[in-house]
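I opened this notebook to record what I looked up in the structure shown below. The entries follow the order in which I consulted it.

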Amino acid sequence: MASKRKASAMANAASEEPVDPADELKFLCLGGGNEVGRSCHIIQYKGKTVMLDAGQHPAYDGLSALPFFDIFDLSTVDVLLISHFHVDHAASLPYVLAKTNFKGRVFMTHPTKAIYRWLIQDSVRVGNASSNESSQPVYTEQDHANTFPMIEAIDYYTTHTISSIRITPYPAGHVLGAAMFLIEIAGLNIFFTGDYSREHDRHLVSAEVPRGIKIDVLITESTYGVASHVPRLEREQALMKSITGILNRGGRALLPVFALGRAQELLLILDEYWAKHPEFQKVPIYYASNLARKCMVVYQTYIGAMNDNIKRLFRERMAEAEVTGDGAGKGGPWDFKFIRSLKSLDRFEDVGSCVMLASPGMLQSGVSRELLERWAPSDKNGVIITGYSVEGTMARQIMQEPEQIQAVVTRNAAAARRAPGGDAEKVMIPRRCSVQEYSFAAHVDGNENREFIEEVGAPVVILVHGEQHNMMRLKSKLLSLNTNKTVKIKVYSPKNIEELRIPFKQDKIAKVVGKLASIPPPTHLPTPEDDTQLVTGVLVQNDFKLSLMAPEDLREYAGLTTTTMTCKERIRLSAAGIDLIKWGLEGTFGKIEELPEMKHDRENNNGASSNGEIEAADEEINQVVAAYRVMGCVEVRYHNNGEVELEWEGNLLNDGIADSVLSVLLSVESSPAAVKRSAQKHSHSHSHGHTALPPRNPHANLTPEERLERLFMFLEAQFGAENVAPIEEPKLPHVPKDTKKKELTDGDGADASMEDAADGDGQENEEERELEARKRAELERLHRLGIPVPGVAIKVDKMAAKVWLEDLDVECGHKAFADRVRSVVDRAVEVTAPLWA
């Protein structure tokens with residue numbers, strides 16, 4: 001099956017036409033390709049470059065956690081878009097702005113920028129306090145502070161144009177401020193989802209498909225592949241059952257969460273459940289994060305960016321506060337009744353049961369890792385994973401329920417024991433606590449993602465942000481849906497540093513401006529019978545707009561100046577004279593044109609000779625003896641001292657012709673005729689038998705009759721003299737009957753009525769006269785074009801063919817003979833016609 005798919009793909013690739021590289025969309029994953037973490041993607045199209053996200057991998061440290069920035073020139077990036085504030089999407093932004101040659105502009109939403117400031121600052125501090133001494137921070141807190149003002153904040157549904165790139169953010173529903181971006185480059189619409197959710201939760205607006213916009217490329221996450229989430233209500237019930245089970249056995253429940261995002265959703269769930277169950281209200285719920293209070297201020301600020309549920313709670317709390325007058329409702333829905341904030345564990349009294357939401361969510365370090373190491377040895381305690389766990393992190397490792405875990409930040413040395421036979425510094429802690437997982441990660445599941453992709457209807461889908469097995473399963477599912485579709489979608493799943501090139505053929509439309517705008521646009525290609533004028537000029541591209549204008553309009557309409565380069569070359573010929581030079585040029589190029597200056601000098605010389613003798617000069621003055629123009633572009637001037645000067649306007653065509661002229665001059669100089677003619681100046685009197693050149697070169701200034709004679713010589717040599725004859729009657733173009741009637745009635749009305757009344761014989765005579773008149777007119781037209789006879793008749797045995805000389809059309813009922821005649825005629829015309837008629 002795989003070989004069949006491969007063969008089919010190769011056949012399709014072979015049948016596709018070559019595409020202009022300028023019409024290719026280039027996509028490159030610097031991170032987030034076949035993995036979750038360090039998301040960073042590059043889009044290039046029509047000379048514009050957009051960078052999507054700049055994250056770090058939570059499972060790695062130092063430079064290894066960064067995307068592969070070293071394989072791409074970041075100075076070419078025009079725009080960098082940050083979808084949301086999570087570490088795996090935004091944590092390497094200070095490094096990009098402070099440590100690389102990035103020169104573009106950075107955009108994110110207002111809530112994202114507000115939270116990003118504190119989240120990255122906390123991430124730097126936690127990294128500096130890490131027990132892993134081998135890892136070095138990739139940037140400092142000062143780098144973050146210095147680069148923060150470079151970030152520009154934008155609102156949802158607002159369109160911004162940067163360097164001809166149009167960007168529009170839409171709500172993604174993942175976390176507060178998370179955005180999906182619509183990117184338009186030269187009419188190509190690219191939609192980047194980032195991390196998104198379509199689930200209706202307690203505080204966020206779910207992601208929606210942009211309406212009324214045709215999406216050409218969809219770049220979407222594939223975090224969960226084809227897996228389906230348990231219904232929201234069932235998940236909440238199972239979560240509370242697990243938490244209360246831990247509390248009922250006297251244990252502590254640890255919920256590792258990101259400081260911002262899903263933590264706020266879980267706090268709303270817990271606060272609501274505690275309010276309805278008084279039996280648990282004595283058990284404290286802690287929200288342990290260095291950013292706890294700062295985060296809550298941000299959430300209280302951006303109530304307007306949340307869903308109707310939060311706005312309703314906000315109005316209710318404000319009404320309660322106004323009635324009571326005690327200001328208790330100043331925090332709105334984020335002023336929890338049963339949640340306590342913990343900035344650190346220094347003042348935490350670890351006594352009795354509790355529920356602890358602690359960051360970071362991957363359990364790599366910080367408060368959540370310290371509490372894990374403290375509570376893991378007791379079977380009364382429990383760990384509940386509520387978000388997506390990245391491969392290589394402790395959150396993913398503990399879901400496998402290992403017997404022991406490695407101590408990183410533990411303060412309880414008594415509970416630790418050395419790993420047998422291991423590294424002396426490696427301390428292991430037994431794990432006896434329970435481990436459960438209830439996914440509240442705000443990512444779409446397989447069904448939601450598939451429905452979203454089908455609703456968008458983009459012909460090209462690029463999968464990112466997913467581990468390889470999940471991504472491949474989703475890709476296979478999407479491709480299997482192609483069987484019932486007439487227009488197949490293309491699905492790509494690129495790995496890191498694997499470049500995609502996707503062709504997009506688009507019509508190029510140019511606006512005609514300036515003098516050319518006054519020329520009526522042609523409705524068809526010109527033919528010899530009509531005088532249709534084609535619109536020709538200079539095509540100017542400004543960003544993605546094309547304009548066609550005359551060269552003299554470049555300054556006014558394009559702000560450009562034009563420069564004409566005149567090229568000159570001089571050589572000295574000692575043997576060849578002007579008559580031989582002219583003969584050689586005419587023999588190669590056909591007709592050459594005398595320049596006006598030559599005619600003027602001839603008239604002056606004639607005038608001087610009629611007035612009297614000219615006084616001889618003491619020295620010979622360098623004068624132009626002859627001047628010609630070859631093929632309408634290269635001027636050749638011959639001086640009396642043997643110097644030949646070539647002058648032409650520099651361009652690709654003229655340069656080639658000038659090289660040919662120079663080659664002819666050098667060939668003439670070294671020819672036997674030049675040597676003979678240069679040797680005739682001698683003192684002795686005997687004759688060498690020099691013959692003068694004919695008065696006219698047979699290859700120059702050919703008359704139509706001479707060209708026809710040469711054509712007949714060629715054809716007679718091929719088919720025999722008795723089988724080739726001229727055609728006297730011209731081939732008349734077909735005239736519709738309506739046109740004939742119109743021509744007959746264009747005269748005087750009385751004459752037309754008399755013609756209508758004429759008898760049949762008179763009508764036939766009139767048609768014959770009209771036919772003769774058309775023949776005469778056609779012959780006169782052909783003569784004006786330089787065609788002496790309409791065509792040539794060729795007959796061999798029973799096969800006959802007619803060759804019409806105007807367009808070299810061959811009429812013959814025998815296909816093989818017609819091909820033979822056509823081939824001979826084409827060769828004959830090439831041989832007998834000069835380069836420049």
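**Entry on a pair within one helix.** I noted that Arg 769 and Glu 766 are about one helical turn apart, because they stand three residues apart in helix H22 (residues 760-784). Helices here are DSSP runs of H or I of at least four residues, strands are runs of E of at least two, and both are numbered from the N terminus. The side chains of Arg 769 and Glu 766 form a salt bridge, at 2.5 Å from N to O. A salt bridge requires a side-chain nitrogen of Lys or Arg within 4 Å of a carboxyl oxygen of Asp or Glu. Glu 766 is partly exposed, at a relative accessible area of 28%. I used these classes: buried is under 20% relative accessible area, exposed is over 50%, and partly exposed is in between (1.4 Å probe, protein chains only).

**Entry on the source.** The model is predicted, so I kept in mind that local features need pLDDT of at least 70 and side-chain atom pairs pLDDT 80 or more, while totals for chains, interfaces and linings use all residues. Residues are numbered from 1 along each chain as its sequence is written, and side-chain values use heavy atoms, without hydrogens and water.

How many salt bridges does the rule give? I found a count of 43. One of them joins Lys 46 to Asp 23, with the closest N and O atoms 2.6 Å apart. This pair links distant parts of the chain, 23 residues apart: Lys 46 is in the loop between strand S2 (40-45) and S3, and Asp 23 is in the loop between helix H1 (2-15) and strand S1 (24-31). Is Asp 23 buried or exposed? Asp 23 is buried at 7%, whereas Lys 46 is partly exposed at 25%.

I then looked up Asp 143, which forms a salt bridge with Lys 99 at 3.4 Å between the closest N and O atoms. Here helix H5 (residues 141-147) holds Asp 143 and helix H3 (residues 93-99) holds Lys 99, 44 residues apart. Asp 143 counts as buried at 14%, and Lys 99 as partly exposed at 45%. I also recorded a network of salt bridges whose members include Arg 570, Glu 593 and Arg 637.

**Entry on Thr 112.** Thr 112 lies in helix H4 (residues 110-128) and is buried, with a relative accessible area of 0%. Beyond its neighbours within four places in sequence, I listed its contacts (heavy atoms within 4.5 Å), among them Ser 83, Phe 85 and Leu 176.
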